[in-house]
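Subject: Structure for your files

Hello,

Here is the structure I said I would pass on. My notes on its aromatic residues and its core follow below.

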Amino acid sequence: MVVSTKVQREQIASAATRWLTQAEEQTVEEAVSSASLNPLLIYLTTQPDHALSTSHIVNTAKTFKALADISRSLEIRKQLAQTDLALASSSLLQRTEQELSKVPNEQRAEWVFLLVQLLRSICNQSADCDEARAKLCESEAPACIGRILWLDEVQGDAVVAQAAFAAALNVALDSADCAQLLIQADAIGACLNMLRVEKIQLKQAWPACSMGLDTLCEHEQAMAAFEQHPQMAQTMLQSLYDIVQLLESNTADDDVAGVLRGARRTLFWCLSEILEKSSQARQQLCLAEDLLKMFAVLKHYSSADQNEEEEEESASANDSPNSRTIDAVSRMLVGVTGEDHALALFDNRQVQSQLLDTIRTYPVKSPLATTAVLCLGNFARTDTHCEQLVSEHSDLVKQLVHNWLTSAADVRARHAASGLLKNLCLPLPNRTMLASLGLPEAAASAIDTAVVPVQANAIGILRHLLSGPAAAETVRCLVDSSASSAFGKLLETVRTTDIDAIRCEGTRLVAATVKRIYVRRDNLGDSLQDVQAAMDSAGFDLVAPLVRLVVLDGQRHPLLQQEALVALSILAAAGRASDIVRLLDPTDCAELFPSLPSDASSEEESSEPQLAFVEVLKKLVRQDGPVWPQSALQAKSLVAQLQAATKDLAVSNGLSILRSDIVPLL
């Protein structure tokens, strides 16, 4: 509506004055009726200069105070959402923001009073009311609120801060569009600035600020904001650390402590989610001081009061009081140290001492010690770090071998230790020391564990130790004449597991063991003649797992296939050619693989029939399709070895297939 004459303007202004005067006398329904409210809204939207003039600004502020008070009912809010109240509120809020930057100090109090009432009105209008939020979003009120959060009055006065952060919270709740506008106006940064310990005197604004931060961090744009502003993650961690320190000092009274715990919870979970999703945010915390702060937070939660109100009620009775939170802190530390940018932190004396002292000081089941081991495992991704750990801290490595890897008490501890020890095996100079500390025996004892990550790491440890100076000792730990030996358990694991990674890596260990025992090289083979005799007398089926690997996993893992073919060639020369030739018969080979159900109808099963060993071998020799050259050469070597080793064998189906179908392809 356009008001064109002075008389009309005065009439509308007087109508607005009458509404404010009568607001206390009218019922709420009468106050929000179109007959009563429309003249007021016309005045506010068409005569902002008059409403914000020196003589009327206080009345305008009182008007919005009254509107905020009557907006506490959802039914009334929905009724108001059908009017132009959102437009009027947004328009005057933007004007107020502009004027606050230039009004003289003697008039500033009146403008701040108006600002608070506008924010209260917007806060109440938008509470659980999607229609009001949509209109506020259209008028860009959220962007204005985001900027207002940074005003000195908001960041320095508890009443103004509470109104501003409450408005931001209610506008953003359940409205992705409003939240996006707030984020673009750096509302997250304003929330983080408010939740600094030095602003605890503004504690009455902290709950709304915390909830608003939580709401904004759930938005998809939040991650981009953190990645674009490196200081955000560091500010959040610093505030979390400061709050933890203040709570541990026990100097805050109960009211303040309650506010601090609420902010701590919000800061922690927001930081945890951001770091879990964003590698760039994790890289921003790859500083020694930040890592030490995270360890301080972990220590805090590990010793926190069991009855703190923020703990999850749904935690099982077997969980420690803060188990979910402790796990999240641990993931934060492991995530940050897992970044390549963090590798240099291992050379920081404080960081290294923190990790090593924690492992030495705390019991195996302590989440602090487990996290420290996991972080060390991340740092042990360079030969230099691995060699330094083994040469300078052999006592700690021995502790990991005997108190951690072989411990049946704590799965996480075994997982952490096995991963670190596997990395320590990679540099060749470490292997003699690790063998002397009992690592081969400890790893061999874990081959048949039900904990898959520990099992995989144990297999990896043994495979690394089989290469180098610790090979003979490792072989002796694996093999004796009984089926209950570690090697027997390895073969059973490979045969029965339904986990591809365990089957493949386990078979690689079988192949490496065969190679070490049956190949005479560097006098190692001669020193293991008794182990070879034990292997032969035990009657282990060494051929089946190797053939299964060649057939099942050859196309996906050509390196593994080539290793299995090498081991089969060695076995052929060692007197086991007949076992290999037998499996060239498709009927005998079929026994190695689970039969398909009679009603199998999946597309994968019908379109990808399982190849027999003979067909895979022929394909490799002919180099049909995508065949790795090394695998083709090794397949030809195997065929030639089989041909030479079976000259005196009695004729069988497998031998006939070898001589008629495969040998001519050479």
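F346 is buried, at 0% relative accessibility; buried means under 20% relative accessible area, exposed over 50% and partly exposed in between, with a 1.4 Å probe and protein chains only. F379 is buried as well, also at 0%.

This is a predicted model: local features need pLDDT of at least 70, side-chain atom pairs count only at pLDDT 80 or more, and totals for chains, interfaces and linings use all residues. Residues are numbered from 1 along each chain as its sequence is written, and side-chain values use heavy atoms, leaving out hydrogens and water.

F346 and F379 form a tilted aromatic pair, 5.8 Å centre to centre with 50° between the planes. (Rings of Phe, Tyr and Trp, the last by its six-membered ring, pair if their centres lie within 6.5 Å; planes under 30 degrees apart count as stacked, over 60 as edge-to-face and the rest as tilted.)

The structure holds four aromatic pairs. In another of them, F268 and Y301, the centres are 5.3 Å apart and the planes at 50°, so this pair is tilted. F268 is buried at 0% relative accessible area, and Y301 is buried at 1%.

Ring pairs also bring W269 into a cluster with F268 and Y301. Over the ring of W269 sits the charged end of R324, 4.3 Å from the ring centre; the criterion is NZ of Lys or CZ of Arg within 6 Å of the centre and within 35 degrees of the ring normal.

Regards
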